[in-house]
Amino acid sequence: MSTVQGRLRIAVQKSGRLADRSLDLVRDAGLRVIKGNNDLLYRVENYPIDLLRVRDDDIPTFVADGVCDLGIVGENVLEEGRNGGANAEVVMPLGFGRCTLKLAVPPTLDYAGPMSLNGKRIATSYPRILQRYLDAEGVKADIVVMRGAVEVAPRLKLASAICDLVSTGATLEANGLDARETVFESQAVLIRSPSGPEPALANLLESIVERMSGVVSSQGAKYVMLNAPRSALDAITAILPGAGAPTVMPLMGRDDAVAVHAVCQEAVFWETLEKLKAAGASAILVLPIEKMM
Ligand code: ATP
Ligand code: ZN
């Protein structure tokens with residue numbers, strides 16, 4: 001149960017790679033966030049909700065302990081922090097903050113697979129995830145824990161290899177390292193406390209979760225409208241990417257053609273439009289979706 005009576009608490013990263021997108025998600029879910037004098041706590045003016053702004057590493061514990069009811073954190077941080085005690089529950093992946101924990105080595109290391117790391121030292125900020133990977137691969141290596149600047153470890157002869165988060169690969173390249181193995185794939189996730197909020201706030205919490213889920217699933221989704229010859233209806237609906245059952249409506253004064261409306265969960269590319277057109281579709285419109293529930 002949250003420690004502050006009568007208010008829900010959501011833990012978000014104060015500053016860093018997840019901070020802006022976390023705040024965007026909260027706002028897109030309809031929460032009006034006001035930045036007061038207190039840098040640690042932002043208030044939501046239209047609901048009894050506070051945002052607790054902390055270091056990402058603290059978020060899983062705060063949520064697991066019920067100090068916060070919800071939290072937004074990278075799966076990598078959540079996974080690294082897992083222990084025998086109560087853990088925060090993952091509600092859903094959020095589609096941002098994507099990165100990969102990779103094993104990378106300098107070109108001077110003769111690498112022929114994870115076994116090449118036997119007896120070597122590997123620097124990382126994620127010792128638990130790495131250890132689990134090494135155990136699964138049957139590799140016995142020494143893990144050197146570094147809080148940051150892991151990529152300089154090989155140059156300083158602190159380690160022969162590193163295991164670090166990568167999104168574009170630019171940092172590895174700048175340090176002359178080659179990514180070799182994927183150890184863990186991560187993105188931001190919404191987590192909730194296993195103990196749940198105080199009963200009076202349970203409905204509010206469910207509605208916030210549902211709204212956030214709507215925001216996430218509408219991202220990238222498009223509303224497609226087109227006219228189609230009846231004879232080509234099956235072919236055309238098969239081309240629409242990630243559409244469920246589309247709505248098919250009659251066109252006034254036309255027996256041979258119908259209007260098709262569909263929500264496409266996946267990106268709609270120009271190539272898709274060209275295929276639709278080739279299959280006989282006309283008057284094709286692709287519209288953004290703001291909210292979905
Ligand atoms: P804090 O001060 O909150 O402890 P931090 O320095 O640990 O911040 P950031 O660098 O802001 O963390 O990264 C936060 C999260 O963003 C990571 O844990 C990871 O889930 C995600 N992320 C996405 N891309 C990258 C990347 N290229 N490198 C590191 N983290 C990334
Ligand atoms: Zn951190």
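So, let's start where two helices touch: Leu25, Val26 and Asp28 in H1 meet Met212, Val215 and Val216 in H6. Contact here means heavy atoms within 4.5 Å. Sorted by type, the residues of that contact are 5 nonpolar, no polar and 1 charged. For the sorting, Ala, Val, Leu, Ile, Met, Phe, Trp, Tyr, Cys and Pro count as nonpolar, Asp, Glu, Lys and Arg as charged, and the others, Gly among them, as polar.

A quick word on what you're looking at: this is a predicted model, where local features need pLDDT of at least 70 and side-chain atom pairs count only at pLDDT 80 or more, while totals for chains, interfaces and linings use all residues. Residues are numbered from 1 along each chain as its sequence is written, chains are lettered from A and ligands numbered from 1 in the order in which they are written, and side-chain values use heavy atoms, with hydrogens and water left out.

Back to the helices. How do you describe a packed pair? By the angle between the axes and the distance between them. For H1 (residues 19-28) and H6 (residues 202-218), the axes come within 9 Å and cross at roughly 115 degrees. That makes H1 roughly perpendicular to H6, a label that covers 65 to 115 degrees. Axes are lines fitted to C-alpha atoms, for helices over the stretch in contact, and angles run from 0 to 180 degrees between N-to-C directions.

Zooming out, the protein has 8 helices and 16 strands. Those are DSSP runs numbered from the N terminus: helices are H or I with at least four residues, strands are E with at least two.

Phe184 is in strand E11 (residues 178-186). Is Phe184 buried or exposed? Its relative accessibility is 14%, so Phe184 counts as buried; buried is under 20% relative accessible area, exposed over 50%, and partly exposed in between, with a 1.4 Å probe and protein chains only. Beyond residues up to four places away in sequence, Phe184 touches several others, including Glu75, Cys99, Leu101 and Arg132. Glu79 is 105 residues from Phe184 along the chain, yet their C-alpha atoms are separated by 9.6 Å.

Then there's Glu173, in helix H5 (residues 170-174). Glu173 has 66% relative accessibility, so that one counts as exposed. From Glu173 to Glu151 we go 22 residues in sequence and 9.9 Å in space, C-alpha to C-alpha.

And for the whole protein, 45% of the 293 residues count as buried.

Key:
Angles under 35 degrees count as roughly parallel, over 145 as roughly antiparallel, 65 to 115 as roughly perpendicular and the rest as oblique.
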